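Please keep the sequence and the model in view while reading.

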Amino acid sequence: MTAEEQLKVAKAAPLPPYAQGLGIEIDHIEHGMPVLGVEFSDRIQGRPDFLHGGALSGLMEMAAIAALQTELARRGDAVRLKPINVAVEFMRGGTKQRTFAVGRVTRAGRRLACVSAEAWQDNRDKPIATALMNILLSPVTAPTE
Amino acid sequence: MTEQSVPDKGSAPLPTGVAFDPAVASKLLTRFGHGGWLGMRYHAHGDGWVELALPWREDLVGIAGNGPGSGILASGPIISLMDNATSMAVWTMRGPFQPQVTVDLRVDYMRAAMPGKTLIGRGECYKLTRTIAFVRGVAHDGDIGDPVAHVAGTFMVLDGPAG
């Protein structure tokens, strides 16, 4: 699948209500993973003119989960994801401009996945924050009737 | 290094050096910006701790519809709640208000938040140096003995002395 085709497929699935509310969207595909983008707005502002750390963390978590879902879909695995924890490092203040985030699956085993994510603004080589997530994978069981 | 939700000079009056009262400050902090959009509210505070409340809302969930996992608060709002609660806890200890940024924050998700229930975020500052504040916190939906999440993190004073 080309990046263009992949972007079309990715955009067909709606993002969670929380992500939509903040204005998060799938921006483009990078190395086969969806890159999320969000415009600066009052909704994601912390101290005046700066991004709120919680909103930025939420964006990176979303990117991490989107990357893991992409990887699991390639494998054809049907599992439910349960976040165990996330550790976020803030390196630079997020300013009033578009923010991007992408996830990278370090390892996805049968039960556990370790996924990292980074966020940047105008310079792809200067991340403003990184996140590391551990996610429990539980098999989707057929409804009992 | 990012944000603190307390407006400093500019949009809202909370100047550096002024004594910090969470009950008063929350009215400002929870009306504007990200905290305002999420609908955060002041709940309680003491020396070194602050509790904020986040009422459940349908557009803050991670999974829409009626399927498995639907109606559960997304994790993003939980991080934001705890970022604000722990950050305000620092100010209750510092006394005078000083702008600060989050250096890092770790969240452990114990269980899903119950759909429809208000989440309480209790933030504590357990160690303060001139520059760095060490914080921890718990998010729960009614019973602090059955927490939704635990957090730990650090804040750094902006333009403070080194060391």
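Along its sequence, chain A of this predicted model runs in the order α-α-β-β-α-β-β-β-β. Its radius of gyration, taken over C-alpha atoms, is 15 Å, close to the 15 Å of the globule rule for 145 residues, so chain A is as compact as a globular protein of that length; the rule is 2.2 Å times the number of residues to the power 0.38. Helices (H or I, at least four residues) and strands (E, at least two) are DSSP runs numbered from the N terminus. Residues are numbered from 1 along each chain as its sequence is written, and chains are lettered from A in the order in which they are written. Because the model is predicted, local features need pLDDT of at least 70 and side-chain atom pairs count only at pLDDT 80 or more, while totals for chains, interfaces and linings use all residues.

Chain A and chain B also touch. The contact (C-beta atoms, placed from the backbone, within 7 Å) takes 35 residues from chain A and 39 residues from chain B. On the side of chain B that touches chain A, helix 2 (33–38), helix 3 (75–94) and strand 3 (100–109) of chain B each give two or more residues. The largest share, 9 residues, comes from strand 3 of chain B.

That strand also pairs with strand 3 (residues 79–90) of chain A, in the antiparallel sense and over 5 bridges; pairing requires at least two bridges found by DSSP. Within this pairing, A:Val88 has B:Leu105 as its bridge partner in strand 3 of chain B.

Notes:
Contact = placed C-beta atoms within 7 Å.
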